[in-house]
Structure formats: C-alpha cells, structure tokens
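Thanks for making the time this morning.

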Amino acid sequence: MTLANLKGATDLHGVAKLLDVKAGMLSYILYKQPKPDLYKKFEISKKTGGVREISAPCPHLKLIQQRLAAILLGCSLELKAKHATAVKNKNYVRREVSHGFTKGRSIVSNGEEHITRRFVFNADLSDFFGTINFGRVRGFFIKDENFSLFPAVATILAQIACSENKLPQGSPCSPIISNLIGHLLDMRLVEFALRQGCTYTRYADDLTFSTNKPEFPTAIAVQKEGDPHKWIPGGGLQKIVQKCGFSLNEKKTRLQYRDSRQEVTGLTVNKKVNVPATYRYAARAMANNLFKTGKFQHTIHFTDKDGAAQELRRDGHAGELRGMLSYVDQIDLYNSCREEANSLVPLGAPGRLQLYRRVIYFDSFYALSKPMIVCEGKTDNTYIKHAILQLAGHYPTLASASITGGKPELKVRLYKYADRRSAVVTDIGGGVGGLCHLIKNYHADVVNKFRAPRPMHPVILLIDNDLGADSIYGAISGLLKIKKPKGLRPFIHLFSNLYVVPTPLGPGNSQTMIEDFFDAATQAVTLNGKTFSRQDEDSSKHYGKAAFARDVVAKNADSIDFNGFRSILDRLRDVLLDYPTRP
C-alpha cells in the first residue's frame, strides 16, 4: 500500500509522516536552511578521463532522501507487480529494459541482452540527471497516471530531490526518480526497437540497440556523410528521445560489427558477457609492476569533448588494483555459474583468480601501513581488540593510550574474515587450515613473485597452542626445512615479515586456547540459563564462542578483567620490537 499512502498525502505534514520525520525538521531543511549548506560538492575522476561533479547532501537531507527513495522504490515494485499480468496478453511488450539503479540488474544483465548479434549500436543521453529538472520532477508526480499526487505534495518531493533546478549526482533518490521519469522513454523505445527488429536496453544514460538483421535500421542510426566509419542517431530515434525531453550526444555514438569487438556498458558481448581483454592485460601488467617495484601507473585512453583521442597516466595503489581484479572476478564468476550450474562455488578462470589472490596478499600482508594480526577467526579478533584497548597504557606499540580521557586507538590491524567468495579467492577461510594456506601461498609469493622493497611492518599469525597448532607447525617444518616446532617459543619468525605467535602454554606445558586467558568470572557468565562451552555451538545447555564474543566480551568489555591476556600481548609486542632488527 506504499503508493496508496503516498497518494493519500495532501500537505507537508502528510509527507513528513510518510518519511517518519518531524514536519518542523522537513520544513527547516526545505525552506530555512541556507541552500549552500545542503550539499557538499566535489569532483571525482571518470574512468574515461575528465571529472564528474558530485553533490553530497548534508546528513539530515540525506536521511530524508534515503527514505523518499525507499518509498518510491516500493511504489515502483507495486507498479511492476501490477503490470506482471500483462505477460499473458498477446500484445504484451516487455517492460523491464532499464538495468541501471535496479535491484537484480547490472551492467552484466544489460550486456547479456545483446550477445551474439550482427550489429550493436550504442548511444548516450546528454546530461541525463541535469536534464531532469525541478519542473519535470514535479510535473511527473502530478501528471503520471500511476501517481497523480496533489500538486503541493509533488512540489515538496521535487524540493527534496532537486538542487539548482536538477537531480544532483550524489543524492540517494536521484537514481529511482530518473528511472521513473525515464520509463516513458524506455516504453517508446522498446516498441520502436521491436518494429525495427532490434533489442533495446538502457543503463542510466547509455542506450543500446542490437540486431541480427542484414542491415542496421536507418531509423535508429545512419552513417555520417563523408565518414563511413562514423554513425549518428537516425531520425526516428532522435524524434522519440527529444519528444521525451532528452537529447543524444552524437559524439558518443558507435555501431559495432560482429567481426570486431562489441561492447555494451564496458563489457564485450560477441560470444558472452566478458571483460575486454585489453582491460585484463592492463591489470596484469599493473600487478607485475606492483610486485616488482611496489608501484604501478594507470594509462587511461579516452576521447575528449572535441572527439580527439587522449591519454592520461597517473599513479595507482594496490587497493585500486584489487577493485579492478574484483570486477574481472565477478564477471568470471557469473559466466562460470552459468556454465557450471551445479557447482556451489565456481572458481572462475584459474590464472586470473591466482593473480587476484596475489594482489590481495600483497595489499593485505606485504604493503602494510600498520602491523597486521591474523587470528584463527572472528571471535579471536574480538578478544584481542578489547584486550589491547583496555591495556593500552601498558602496550604503547599496540595502541595509543589517550591522555585526555578519550578512547585509545589501535596501532595494529586485525585481519577481517570476509564473505564466502573472498575466502575462496584468498584461500583463507578461518581456522588452522586457512592459516596453513596463508603460510604456503604467501611463502610462494614472497619467494617467487614479490620483489618490491621490504615490508615496513610484520604480519603476526596468532594461534591456539593446542592440537590444531600441530598442522601449522607441520607446514612450517615442511616449508622451511626445519625441525617441527613444539610451541615452546614465544614467537617464530618464518620468512620476510611473517611471524607465528602461539598462546603461552599452561602449567606443565599443557595446551591452551585463547579463551583460557579470560578470568574465571567471565568464563562463568550465563546467557539465558546456558553456560559457555568452547567445544559446543549453541545447544539446549551451552552457548558457543560466537555468543561469548558478541554477548559477553564485546558488550561488557569495559568491566572485564583482561590482565590474563598480558602474556599474549607481551608476545605481540616482542614481535614488533624484533622485526626492525631483521635484515
């Protein structure tokens, strides 16, 4: 009933109620707060060169825009459900052609509509968000048959959404509003494309038409006079776009043939949706330079506003390269899932996956800005974090103790175990098995690939000194060709900047786990009548480590006695002191 509720609003108080904000706050934001204070403007670089201006709303306005976006998204979903019955109509025209800013759709789904076509034509709407001005937003909410809002309400929604008489890039509600207003264009173009024997899709301001017809329809695109390699929008396409209140950028149109590389929103579509080979090769070259020197440069080729080819070179960083390879991995994973539907965790292209893993290892463990502590799992991270923070005054190398009464800050990083896919890529899934993989993979990278300057900070693997540690000690012995450690030493330097720190052994050299270093009172805390068990997960009698870390340690960190952890923190401190002495 989201749409009905919106249509039922008649004034500012009604809109404020829907947005779950006070009417006074909404009124102040819209009518009293100085306009320059509503947005913070900055520029970001485009991948193709040039810059894009972003208008980031102030926190209060952003909250209002986020809630408006959620309401409008709910309205959009209701309308889609309403139109779903049209599928059974023989005259049904597929209505889902917008792939940008839409849940479940992406550049991949957009490109997939144009696979294996004789011709692919790309066009670009000029100043897409800027073309959608205040009057268009207000008029849409009043005149659209699905909304038909009270004029006062339409005015308020346009005031929330617009800045300087247009939809700003950076507003949470600009994407959904642009799709609602662009829907009329989509419906006219999809019908137009069908009459021409073409498939049409839109991703934000990118329009794509494709066909297997022997000749590309001149109503959509024609060759520019005097330049057989340049295609411009045809009269039929121009007429529809202009009638819907938009315009086309003729400098960003191109017709791509089957025997050449065909791209749709940055992905090749000749045989399947894929990342262009040039992009992959460039990422590989950057990675090789990173491994050798610790640095690399981006070379960006683009066409300027006058149509001239330009080249831009700038320094890159490892995190940026991780993003590029993550993009390649996502497309590989998508294709792998389609080709191997029965595989639970498709691995994608092995060579590219290995390169992606190496870059992650370099960024996470080699080119560190702080020392890194890798625990066996997320619960151990919680223990160590709060132990260091509480005892910060005793360990200045691990944390900065505040002299003004504020909270101390960690001087080390704790490795964050991420999602399932990240565990597959890195081969680090938590537990001793994951740490064994880390040791072996990192050793291979340091020995065979990494030639960059020596790492500035150590990586410390913190492990339980119990039966599970035997696997890690075995891996160390096999790799370094040394006698198998027994866990008696406070730390073991393996190679480069990698160390292993086992928990101190107990009385009589008995095995220990990190939970042993909590005081008895903390270990005895009951939750809902259950007692803590390190061996069992949640059961009728016991709760496990996850609940212990979350509901006992994290929630009561200020009152827990962490002095038992000093023997562990001593070892971490000693590693930080030892590493600078290594050659």
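What follows is a short tour of this model, with the cut-offs given as the terms come up.

This is a predicted model, in which local features need pLDDT of at least 70 and side-chain atom pairs count only at pLDDT 80 or more, while totals for chains, interfaces and linings use all residues. Residues are numbered from 1 along each chain as its sequence is written, and side-chain values use heavy atoms, with hydrogens and water left out.

Let me begin with the overall picture. The C-alpha trace spans about 85 × 60 × 50 Å along its principal axes, and the secondary structure comes to 20 helices and 21 strands, where helices (H or I, at least four residues) and strands (E, at least two) are DSSP runs numbered from the N terminus. Of the 583 residues, 46% are buried, a word that stands for under 20% relative accessible area, with exposed meaning over 50% and partly exposed in between, using a 1.4 Å probe and protein chains only.

Which strands does β19 pair with, and in what sense? Strand β17, residues 459-463, runs parallel to β19 and is joined to it by five bridges, whereas β18, residues 492-495, pairs with β19 in the antiparallel sense over three bridges. Val-500 of β19 is the bridge partner of Leu-461, and Ile-492 also stands opposite Val-500. Phe-495, for its part, has Leu-498 as its bridge partner in β19. The hairpin of β18 and β19 has two residues between the strands, and there Ser-496 takes a positive phi near 45°.

Why is β19 described as largely enclosed by the rest of the structure? The reason is that five of the five residues of this strand, 498-502, are buried. Both faces are covered, with Leu-498, Val-500 and Pro-502 buried on one side and Tyr-499 and Val-501 buried on the other.

Finally, a word on Lys-370, which lies in the loop between α13 (350-366) and β13 (372-374). Lys-370 counts as partly exposed because its relative accessibility is 33%.

Conventions: Two strands pair if DSSP finds at least two bridges between them.
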